[in-house]
Amino acid sequence: MRGHGITTRLLAVFILLSLVPMAGLTALFLGQFQTALEASTLSTLAIIADKKADQIAVYLHEHAENAQSLILLPQVETLFASGPGAADAARSLRAFGARGDYRDIVLTSVGGRIVFSATHPETVDAAPGGGASELMRGHQAAIALLDTQITDVRPFSKDDDRLAVYVVTPVLRQGRLLGTLALQLDLGSMMRVATDNTGLGASGETILAQRVGGEVLYAVDLPRVSGHAFRYKIALDTAAAPMRQALAGGRGQGITQDYAGQTVVAAWRYLPDPRWGMVVKMDRREAFRQARTLRLAGGSAFLLLLTAVSLAAWRFGRSIIAPIHRLTAISRTIANGETPAKITVSGWREAEQLAEAFNTMTAIQNDSHAELERRVEQRTRQLSESNAELEQFAYVASHDLREPLRMVSSYMALLERRYGDRLDAEGHEFLGFARDGAQRMDRLILDLLAFSRIDRKGAPMVTMPLGPAVEQAVANLGISIEEAGAVVTVDEAVTGAVIVGDSVQITQLFQNLIGNAVKYRDPIRPCAVHVGAARQGDLWELRVDDTGIGIEPQFFERVFGIFQRLHTRQEFEGTGIGLAVCKKIVERHGGRIWIESAVGRGSTFFLTLKASCDTSPGAD
Amino acid sequence: MRKQVALSLIGGFAVLLFSGALLGALRQSAPPIRIGVVYSLTGTMADSERPLLDAVRLGVEEINADGGLLGRRVEMVVADGQSDWPVFAAEAARLIKDQHVSAVFACWTSACRKAVKPVVEGLHHLMFYAVQYEGLEESDAIVHTGAAPNQQIIPGTRWTLDHFGRRIYLVGSDYIFPRTANRIIHDVAAIADGRILGERYVPLGSDDVGAVIDDIRRLHPDVVLNTINGDSNRPFFEGLRKAGLGDVPVMSFSVAENEMRSFGGAALTRHYATWTYFQSLDNPENKRFVAAFQARFGAQAVTSDPVEAIYVAVRLWAQAVREAGSDDPGRVNRTILRQSMNAPSGIVTIDPATRHLWKMVRIGKVRPDGQFQQVAATDDPVRPAPFPFYRDREDWNAITAALTSGTAP
């Protein structure tokens, strides 16, 4: 659920709810249409094929009946008898042949002798030649089966491509067989009807073929392979599947391949007379063009709808998320501490309500925020006023207090110089106490003055290297370090550190800390001071370790108080302002100072200072 | 979102499953297509007719193995005709009226067919008859897949006369088929200059063939044309052999492989038959058919012309049902007229004018094992002519009327 925007989700939901069902329905309808189109095309082809088969059968049957009627004519008997009137009989038969559009009428005796031929009288009485072999086969079959026979279809002759067929019927008189009568038909008109491809489109073809042994002899031209009728002959097993099926007595329709390997919609039939296979076919491309068009239209509509739905989802998503985006932007400005503008949203009622609620909320927040600001400002002003007053007071006090003190000191010195010889030892001692007191008072006032100046007279913060400041501090302490026999070591990290600060005060800070460590050294153990540094994000954490006397935990806070001392002046001299100054300097630099210590083992002062932005650890 | 996708998918699957279940239920609820099969399972014809029931069964089982017809199973409703023609007629009526069968496959003898014919015609139903017969009949309710006379009697007689001589002797059972067949043989003999030396009829089922044997011994015909039906053939064949006439050429028109084996037809040395089919035919369709038949009914099972013809009838009927898209007899009766197929006997085509099949005509010589060795055949299937064309229809009807009124069925 995480990570997807509203628009993405809307898009997915839109597509799922509208496009997926539509795609399914479209596919279903297209499939249905294709199936229906296939079925209707196949049924049309089947009807055409059956009609053609009927036409061929009816044509041949009519002529068979003509032959069966013709044999009843007395002229036929006369011709077989070769008796008187044969010439007249021949004339009337020839007339019949001419009117019936027959190429020839042939009478053959039982023994196979031709007794009459309407158009080829020269063949009479001659032994039938090779050209008449179909006729003789028909004659023999008609006698053997005592029924009308239709011979195989052949071209008239080598020079005449027109197709011809013999209808041969036995001639009987009073239960005696005289011979046969054969009508030679010109199949031109039948072939024109049979190969008429009306209703089959531009690619429609009607293929007719017969088996001759193991070969297929085509009875029509095959334009796709430039095959000529009755010349084009191929092996049966290389013929196209529908023609093979038809020649094997099969009947069917389907999508298959034609003689040229084209995918076609075809219907195939076996025609027992004249033993032909017939394939009525048209190219699948053409037959199913409508389906392809529809598929294309369906696809385009789907793409269009996909675009439209995506756009709609996107627009809809935008209109929902626009107010959300505006709210987000305004929330960011609030987060950045700026005062938000009032937002206006139009369109969605829910979005308007949300904006209104948001405006009310930000207004209330603005009011309370302003109140808070005002108070903080007021307090800060009060605080700085009192701070300034205090500092002014400290300065004035220390400055003005020194004046009478100087007077006390100078008159004490005058007193000693002028009346010193008149004073006894006790008098000198008292005088000494008074001078010490005045001097200590002066020190206190000077320290106080310095303390008050940390904030008032500090230099501006600059980027500065820490090393020189620490070195300066150590140098300033040179004598006391030497006297104490202390060893001060400084980490490399310290010398390399660059901070933001006031170098005078930083020197002061380290001078005080190292000086403190030397001052509160253990009388027995050797005094060692170490200054270290560690980078903590954008801060430097600095530490000053010593081997001194240590501090008890309950005084960890107190040592940073002004004029707070843990020891008598006799044990360790000093005014007790050093660590207070340190704390004040660190705080002015925005840092923190604290102690870890164990009595008798040493103390560690930690403090943090802002690292300069220019350097970062590891950046050489 | 994934939840939405999952929900949509689950919804889609549910719809699919539901429609699938619905379709399945519809398909399952589609009742089987029933066909009525009436043959004699008892009585004198039982031995001849039972193999026809087997052939129908094989055809039906093959159709069902291929997924049935129009998504429905085909179921046989079998009735016993008891070799009794009125029983056949009553059973056919019962199957059509009470069992609502879509087609009837019935009868061996012509007498039976003539008894059932008015029933199927009256009910405008569809019957398949698969035995070669005498012809001279046409019915809008019957499809003949057996040979018409011009596909058996005429060419068979013609061939016999041409091969063995013109002096012939006729013997047959005493009922309509042999008498009509012999009437046609008379015609053919006249046409071909044949001489009929004698003609004798034996009652159906009778063993009394003594007179016939005597005739043949006395007359010395060139060839005997035999139209005896049923088990009277056994004493006839035996009689010939015992009389030392085992070498006389015989052309049998009603003895197929099955009977040839059981009646001892192979004992005659010059025994021939005319059929459109022999079990011994060497073509892929027949090899498959014989193998399937023997796989189903045992290695000893024998196919024959009528067995093949009734099997072909079932297949053609199935094709017609598919094409009609219905098993309604009225609709199938139209589409059946356009069917053809590559049958074990060769290419068969229904001739719509006569409702008979275009068939090959074959002459076979009986081998010692009772099977036939084909010795002659037509080049192509022969158009069926139930009314041979050389007489007109009135002539034939007069002949039929005379024969039926004059003799017992």
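Which side chains meet in a salt bridge at 2.4 Å, N to O? Let us look at some close-ups of this predicted model. Residues are numbered from 1 along each chain as its sequence is written, with chains lettered from A and ligands numbered from 1 in the order in which they are written. Local features need pLDDT of at least 70, side-chain atom pairs count only at pLDDT 80 or more, and totals for chains, interfaces and linings use all residues, while side-chain values use heavy atoms, leaving out hydrogens and water.

**View 1. A salt bridge between A:Arg251 and B:Glu323.** Here is the answer: these two side chains meet at 2.4 Å, N to O. A salt bridge is a side-chain nitrogen of Lys or Arg within 4 Å of a carboxyl oxygen of Asp or Glu. By that rule, seven salt bridges cross the interface of chain B and chain A.

**View 2. Where chain B and chain A touch.** In contact (heavy atoms within 4.5 Å) are 30 residues of chain B and 33 residues of chain A. Together the chains bury about 2,800 Å², 58% of it on carbon and sulfur atoms; buried area is the accessible area (1.4 Å probe) lost when two parts are put together, summed over both.

**View 3. The largest cavity.** A cavity is a set of points on a 1 Å grid over the protein atoms alone where a 1.4 Å probe fits but cannot get out, and lining residues have an atom within 4 Å of a point. Grid points are joined across faces, edges and corners, and the volume is the space filled by probe spheres set on the points. The structure holds four cavities of 30 Å³ or more, and the largest has a volume of about 80 Å³. Its lining includes B:Trp108, B:Tyr129, B:Asn229 and B:Trp275.

**View 4. A cis peptide bond in chain A.** The bond joins A:Asp273 and A:Pro274, with omega about 10 degrees. A:Arg275 has a positive phi, near 60 degrees. Most residues other than glycine have a negative phi, and most peptide bonds are trans.

Methods:
1 Å grid on protein atoms, 1.4 Å probe; cavity = no way out; pocket = protein on both sides within 12 Å on 5 of 7 lines; lining within 4 Å.
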